[in-house]
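Please read it with the sequence and the structure side by side.

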Amino acid sequence: KKPAGARGAGSGGANKERAIETALLKTYAEQVHRFSEIVACDYSDATAVVGKLSDAVTRLAEYFGEDASRCQSDQMFANLRRFIDALRASKEKVFRQRRSAAQAEEKSKDRGDRGGSAGGAKDSKEGAGQLLRDHSSRLRAAVGGNSTSEDESESGDEDEYMASFTSPSARK
């Protein structure tokens with residue numbers, strides 16, 4: 001049997017343990033409450049950002065003539081990316097062709113083959129215009145994903161070009 005003093009000491013230890021557990025639980029509850037307040041603020045901020053992005057995507061789809069309810073954003077951005085890539089490739093090609101033409105003109109001047117300066121400027125302007133007209137169908141094909149080769153035949157199918165910008169659901 002335990003002495004009477006030992007029982008009182010044992011129950012006092014249990015009370016201390018309960019007090020410690022209660023203090024720990026209160027601290028834990030306070031920390032969880034603070035965390036939930038922070039998360040709630042972050043969640044509302046994220047929700048606001050998602051709402052703004054959704055509105056921006058809808059306006060972008062409408063700008064390009066798409067039905068925002070049918071046009072999926074990933075398809076729209078893929079089409080936009082293909083267009084930008086094709087435009088960049090076309091610009092680089094035009095730059096290369098102009099540089100080659102300028103080098104050829106310099107070589108012809110060095111050889112002594114000189115024409116009138118006004119005629120040369122007119123030819124240069126016409127050449128640039130023709131270059132852009134010739135390249136437009138290749139650009140359409142590249143944007144449509146049909147071809148990126150500079151040497152392939154030109155395609156003038158306007159409907160196919162426009163169809164490449166619409167989402168699959170909008171084509172139905």
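**Notes on the predicted model**

1. At 45% relative accessibility, Arg-70 counts as partly exposed, where buried means under 20% relative accessible area, exposed over 50%, and partly exposed in between (1.4 Å probe, protein chains only). Its side chain meets that of Asp-67 in a salt bridge, at 4.0 Å from N to O, and Asp-67 is itself partly exposed, with a relative accessible area of 38%. A salt bridge here is a side-chain nitrogen of Lys or Arg within 4 Å of a carboxyl oxygen of Asp or Glu.

2. This is a predicted model, in which local features need pLDDT of at least 70 and side-chain atom pairs count only at pLDDT 80 or more, while totals for chains, interfaces and linings use all residues. Residues are numbered from 1 along each chain as its sequence is written, and side-chain values use heavy atoms, with hydrogens and water left out.

3. The mean pLDDT (the predictor's confidence in each residue, from 0 to 100) is 75 for the chain, and 62% of the residues reach 70 or more. Where pLDDT is low, the predicted coordinates should not be read in detail.

4. The chain has 5 helices and 0 strands, these being DSSP runs numbered from the N terminus (helices H or I, at least four residues; strands E, at least two). Of the 172 residues in the chain, 12% are buried.

5. How well does the span of helix 2 agree with its 38 residues? At 1.5 Å a residue, helix 2 (residues 73–110) should span 56 Å, and its end C-alpha atoms are 55 Å apart, which agrees; the expected span is 1.5 Å times one less than the number of residues. The buried residues of helix 2 are Met-76, Asn-79, Ala-86, Ser-90, Lys-93 and Val-94, and just after this helix Gly-112 takes a positive phi of about 100°.

6. The structure holds 4 salt bridges. Within helix 2, Arg-88 and Asp-85 lie 3 residues apart, about one turn of the helix, and their side chains meet at 3.8 Å, N to O; Arg-81, Asp-85 and Arg-88 are linked in a network of salt bridges. Lys-109 and Glu-105, also in helix 2, are 4 residues apart, and their salt bridge is 3.6 Å, N to O.
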